[in-house]
Amino acid sequence: MASSCNTPSEEFSETGQSWDLERLYADLAFAKKFWAPHTRKGLSDTEKEHLRGLLCGYNPDQIAGKLQKNAAGVRSALTNTIYRYVETLTKRPDNSLSSWQDVVEWLAAEYKITPSHPASRQKADWNGVTDICNFYGRREELTTLEEWMVGDNSHLVAIFGMGGIGKTSLAIRAAKQLQDKFEYVIWRSLHNAPPIEQLLADLIQFLSNQQEPNLPITAASGIEQVMEYLRSRRCLLILDEWEAIFASGEVAGIYAEGYEEYSQLIKKIGKENHQSCLLLTSRESPKEMDLLKEDSFLVKTLQLKGLIPAEAREILSNKHLTDSQRWGELIELYRGNPLALLMISCRIKTIFNGSVSQFLSRNTILLDENLEGILEQQVERLPILEKEILYWLAIERKPVLLSKLRNNILLPMSESESIGALNSLENRSLIENRVEAETTLFTLQPTLMRYIIKQVTEEIYHEIRSAIGKQTTDNLEMLRNLAIVTEENQESEVYRMQSRLIVAPIRDKLIAFFRSDRKLVIHLNEMLSMLAEKSALEVGYAVANVQNLLNILPKLDS
């Protein structure tokens, strides 16, 4: 396959017809890092130009003539750059290159295009890959991934981000665009959490062209076999949904029982010498990733955020929404999350005739079933303390200090435990932090805040119903552990938001169930009587919460 890297205006552009220049540039750039680690990334335009001249069969003096350069300067440049990189790439001793012709001879077997050359016989397996019909923007991210995976020859590249942010779509687009740079491309999803032995056997069968016997393998032997293939040929492995093999109820990045060997796989790929790349996506960062990044410049991570405003506007434009002057507010409300913006665009089109202004005037956030399902999967995996932090951040509405969170939360915890829980939530991309006056504050994205508030109101409603029905307050969890109102100042914005989004919905649900606000007042007063018999530790925030509900209900005649 001829390279498309050259344009007709480049000197020696004909080289691309018979040499796999893209791969050669990438591999020489990798060799350059070892020979001259403090120089700029990748090959310079001048180095590429000189290399193409050699591959076209011109000697250094002829190259100088073609480029109208000083011959001695070109010879010196080649001696200090391309010749040394080629020696490193082909694993020959320093200064062993005796003639410019050695460059052509040493590189021909691997990079000159022939019917048997890798560029003309790529194998790809996209089994299970999702068709991406709606892909917007991500130009900067795609450029970064190409630089890492091709320009830098990175061994391990990980894309992290919260559910629905577009990790899988970005990985698919990047892999499709770069697949011609690899001999073998294989995509696999870990959604169903396959045992590592099963995954390794699958990889070995593909990379061996179905030549390896399908025998039972151990994790250790399978990893070593895969590494042999990654050394002997240029492969791109894409493993999607890495978070599926992490344990629920643990801090972020802890492997589920029986899946610990996956850690060994990425450690080997990240640390050992080979010519391939593993691209993985995950909602959580594996616990070993930070150390791998510290140990090797060939391990890269991309924390995926929402679309930048200019790219997010493409979604709203394609959905033919109106009031473009207010699109920025909508994009900020959903933090540029492409799935959320696609969902809300459809709702605005259907319910508000495409008017963004009409939707924003309702001062609300809508979530569809797809986004709710994604958020539910992520939140339900959390340990109790991390859930508690999310609940409190959602109730508080505005960014808060760690010290305030610790004061609010009734669960016993040390300072190190609270810091560890916040770090874990950051690794899951579930919280935002802001620095104000050199102090760090924590909050949630609006979509996650909306989801959490909905869960809190539903659960507290059911707890109150159950307590009234069974005439016992022994099983109150959220009502005891969370304060549904935290502001005393009834004129504050936070108080009004808590009243409108938490207290009022709970009241309305209870009135709808009991079909009488007067009956509800009687039942809530009965709950207060039951709670009065309990200790402060057993009561927690329950009395204050019931009283806040009574405050927005009609008073009974004395």
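Predicted model: local features only at pLDDT ≥ 70, side-chain atom pairs only at ≥ 80, totals over all residues.
User: Which residue meets the side chain of Arg 428 in a salt bridge?

Analyst: Side chains of opposite charge can pair when their charged atoms come close. A salt bridge here is a side-chain nitrogen of Lys or Arg within 4 Å of a carboxyl oxygen of Asp or Glu. For Arg 428 the N to O distance is 2.9 Å, and the partner, also buried at 1% relative accessibility, is Glu 386.

User: How many residues apart are Arg 428 and Glu 386?

Analyst: Helices (H or I, at least four residues) and strands (E, at least two) are DSSP runs, numbered from the N terminus. Glu 386 belongs to helix H18 (residues 384-396), whereas Arg 428 is in the loop between helix H20 (415-427) and strand E7 (432-436). The pair therefore links distant parts of the chain, with a separation of 42 residues.

User: What is the relative accessible area of Glu 311, which meets Arg 139 in a salt bridge?

Analyst: The two side chains come to 3.1 Å, N to O. Arg 139 is in helix H7 (residues 139-151) and Glu 311 in helix H13 (residues 309-318), 172 residues apart. Arg 139 is partly exposed at 48%, whereas Glu 311 is buried, with a relative accessible area of 5%.

User: Which residue forms a salt bridge with Arg 283?

Analyst: Arg 283 is buried, with a relative accessible area of 12%, and lies in the loop between strand E5 (277-282) and helix H12 (289-295). The partner is buried too, at 9%, and the closest N and O atoms are 3.7 Å apart. That partner, in the loop between strand E4 (235-240) and H11, is Glu 243.

User: How many salt bridges does the structure hold?

Analyst: Some of the charged residues are linked in a network: Glu 224, Glu 228, Arg 231, Lys 268 and Glu 272. For the structure, the number of salt bridges is 30.

User: Which residues gather in a patch of negative charge on the surface?

Analyst: Patches are made of residues with over 30% relative accessible area and no salt bridge; like charges are joined within 9 Å, and nonpolar side chains (Val, Leu, Ile, Met, Phe, Trp, Tyr) within 5 Å. One member, Glu 261, is in helix H11 (residues 261-271) and is partly exposed at 35%. The patch consists of Glu 197, Glu 257, Glu 260 and Glu 261.

User: Which residues of helix H26 are buried?

Analyst: H26 covers residues 542-551. What covers its buried residues includes helices H21 (446-470), H22 (478-481), H23 (493-514), H24 (517-532) and H25 (536-539). The buried ones are Ala 542, Asn 545, Val 546, Asn 548, Leu 549 and Leu 550.

User: And what percentage of the residues in the protein is buried?

Analyst: The secondary structure comes to 26 helices and eight strands, and the C-alpha trace spans about 105 × 55 × 45 Å along its principal axes. Of the 558 residues, the buried share is 52%.

Methods: Residues numbered from 1 in each chain as written. Heavy atoms only, no water. Buried < 20%, exposed > 50% of the residue type's maximum accessible area, 1.4 Å probe, protein only. Contact = heavy atoms within 4.5 Å. Areas by Shrake-Rupley, 256 points an atom, 1.4 Å probe, with all protein chains shown as cover. Lys, Arg positive; Asp, Glu negative; His and termini not counted. Charge placed at Lys NZ, Arg CZ, Asp CG, Glu CD.
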